[in-house]
Amino acid sequence: MNSKTRAAISLIEENLHRQIYVGEIAKSLGLHRSRFCDLFKGEVEVSPTQHIKKRRLEKARELLEATDLQIKEIAVRVSYSESSHFVRNFEKAYGLSPRRYRAQHLLSKLQNRRSKKEKRRIG
């Protein structure tokens with residue numbers, strides 16, 4: 001992967017908590033916006049904007065699984081100013097609302113624990 005693309009991905013990762021703009025990334029790398037977009041899409045296969053959105057939603061999913069933060073707080077932490085917009089994007093990406101996703105994850109975790117206990121008891 002090109003060093004500029006790697007640097008862009010690092011910048012995105014470091015700034016998931018705030019609005020980061022494609023032009024800002026391009027400028028920090030010393031590239032024109034359109035050149036940066038072409039380079040990034042050629043290597044990552046999605047536009048920088050799509051990648052940013054995808055990473056924000058993945059980070060939100062991680063927070064739903066690992067914390068008990070409120071949905072609104074998670075939305076803020078991944079730079080969504082409107083929690084309703086966050087919920088719509090999350091549902092579109094994962095097929096479930098953030099609340100249902102968390103509930104399903106917790107249920108799955110509980111079932112795995114039970115299964116492990118039963119295997120130890122039987123085995």
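## Burial and surface

A residue is called buried here when its relative accessible area is under 20%, exposed when that value is over 50%, and partly exposed in between. In this predicted model, buried residues account for 32% of the 123 residues of the protein.

The accessible surface of the protein amounts to about 8400 Å². Carbon and sulfur atoms contribute 49% of that surface.

## Overall architecture

The protein has 7 helices and 0 strands. Read from the N terminus, its elements follow the order α-α-α-α-α-α-α. The radius of gyration is 18 Å, whereas the globule rule gives 14 Å for 123 residues; the protein is therefore more spread out than a compact globule.

Along the principal axes, the C-alpha atoms occupy a box of roughly 60 × 35 × 20 Å. Of the contacts between residues at least 6 apart in sequence, 53% join residues at least 24 apart.

## Helix H4 and its surroundings

Helix H4 comprises residues 48–66, 19 residues in total. From its first C-alpha to its last, H4 reaches 27 Å, close to the 27 Å expected at 1.5 Å a residue.

The buried residues of H4 are Pro48, His51, Ile52, Arg55, Arg56, Leu57, Glu58, Ala60, Leu63 and Leu64. An α-helix has 3.6 residues a turn, so residues three or four places apart point the same way. The cover over the buried residues of H4 includes helix H1 (3–14), helix H2 (22–28) and H3. Helix H5 (71–77), helix H6 (83–94) and helix H7 (98–122) also belong to that cover.

## Asn89 in helix H6

Asn89 is located in helix H6. Its relative accessibility is 10%, so Asn89 counts as buried. Leaving aside residues up to four places away in sequence, Asn89 touches Lys53, Leu57 and Tyr80. One of these partners, Leu57, is itself among the buried residues of H4.

## Ser34 in helix H3

Ser34 lies in helix H3, which covers residues 33–44. With a relative accessible area of 42%, Ser34 is classed as partly exposed, because the value falls between the limits of 20% and 50%.

Ser34 and Ala103 are 69 residues apart along the chain, and their C-alpha atoms are separated by 42 Å.

Terms used:
Residues numbered from 1 in each chain as written. Predicted model: local features only at pLDDT ≥ 70, side-chain atom pairs only at ≥ 80, totals over all residues. Heavy atoms only, no water. Helix = DSSP H or I, 4+ residues; strand = E, 2+ residues; numbered from the N terminus. Rg over C-alpha atoms; globule rule 2.2 N^0.38 Å. Buried < 20%, exposed > 50% of the residue type's maximum accessible area, 1.4 Å probe, protein only. Contact = heavy atoms within 4.5 Å. Areas by Shrake-Rupley, 256 points an atom, 1.4 Å probe, with all protein chains shown as cover. Expected span 1.5 Å × (residues − 1).
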